[in-house]
Amino acid sequence: MVFEGGEGSGKSTQARLLAERWNAVLSFEPGGTPIGARLREILLDRANTDLEPRAEALLMAADRAQHVAAVLRPALNRGKDVVCDRFVGSSLAYQGHARGLGVDEIAAISAFATDGLVPDLVVLLEVPAEEAQRRLAAAGKPDRFESAGVEFHAQVAEGYRMVAAHNLDRWVVLDGSGSVDEVAERISAVVEDRLGSGPHAVAGGVS
Ligand code: TYD
């Protein structure tokens with residue numbers, strides 16, 4: 001299964017907790033492989049003010065192709081459950097909608113990158129913009145995306161909502177506000193409802 005959400009949505013914390021609970025492989029994008037880590041540096045470096053949106057989208061896709069082939073598929077083939085912090089949905093919301101490249105165009109390059117691997121469940125964590133900003137301000141130095149501005153992040157949130165609304169069979173939108181434990185409870189209820197209560201119920205899909 002996959003966690004999606006904007007900056008400061010708390011998805012990384014929740015992905016870690018769920019993976020521990022389910023004894024699943026935990027991974028993330030961008031940067032979940034050694035090659036991906038180098039792509040992540042380029043993507044997040046604030047000095048790269050001239051990175052073209054299409055180049056950004058293709059670097060995300062390259063990271064994903066490497067991640068799927070080197071980490072996600074091998075883990076799934078071993079029968080492991082997988083929890084992934086960001087996946088195709090991030091590219092649809094950030095590059096497709098917020099950068100204006102087109103959600104359909106990004107879906108097409110993403111399908112090439114994943115070679116058809118789709119998650120069994122995507123949990124989108126939504127937090128009010130002000131709460132996300134507060135959480136971000138408490139974190140360290142902002143990266144290239146975190147410093148992109150309020151309007152950009154509003155576009156990301158809108159993109160996510162659109163993608164979720166078009167994929168109700170696999171996407172669940174959850175309120176990410178409140179304490180870590182409260183949000184974890186909400187997530188567990190949904191995951192168990194959608195995927196069953198045993199850990200192997202998550203196997204076979206990238207969460
Ligand atoms: P991440 O490490 O999850 O950052 P955070 O923990 O701050 O949410 O992701 C890094 C950034 O990359 C994040 O700002 C979102 C962006 N991103 C995209 O724009 N497109 C993508 O396809 C992915 C995977 C991430």
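The backbone oxygen of Ile 42 lies 2.8 Å from a polar atom of the Asn 48 side chain, a polar contact (N or O atoms within 3.5 Å, one able to donate a hydrogen and the other to accept it). This is a predicted model, where local features need pLDDT of at least 70 and side-chain atom pairs count only at pLDDT 80 or more, while totals for chains, interfaces and linings use all residues. Residues are numbered from 1 along each chain as its sequence is written, and side-chain values use heavy atoms, leaving out hydrogens and water.

**Around Asn 48**
- Asn 48 sits in the loop between helix 2 and helix 3; helices are DSSP runs of H or I with at least four residues, strands are E runs of at least two, numbered from the N terminus.
- With a relative accessible area of 23%, Asn 48 is partly exposed (between buried, under 20%, and exposed, over 50%; 1.4 Å probe, protein chains only).
- Leaving aside residues up to four places away in sequence, Asn 48 touches Ile 42 and Arg 144 (heavy atoms within 4.5 Å).

- Five strands make an open, parallel sheet in the order 2-3-1-4-5; strands pair if DSSP finds at least two bridges between them.
- Strand 2 (25-28) and strand 5 (171-175) are at the edges, each with a single partner strand, so one side of each lacks a neighbour in the sheet.
- Strand 1 (residues 2-5) pairs with strand 4 over four bridges, and Val 2 stands opposite Val 122.

**The cores**
- The largest nonpolar core has 33 residues (buried Ala, Val, Leu, Ile, Met, Phe, Trp, Tyr and Cys joined through side-chain atoms within 4.5 Å).
- Helix 3 supplies the largest share of this core, seven residues.
- A second, separate core of 18 residues includes Leu 121 and Ile 187.
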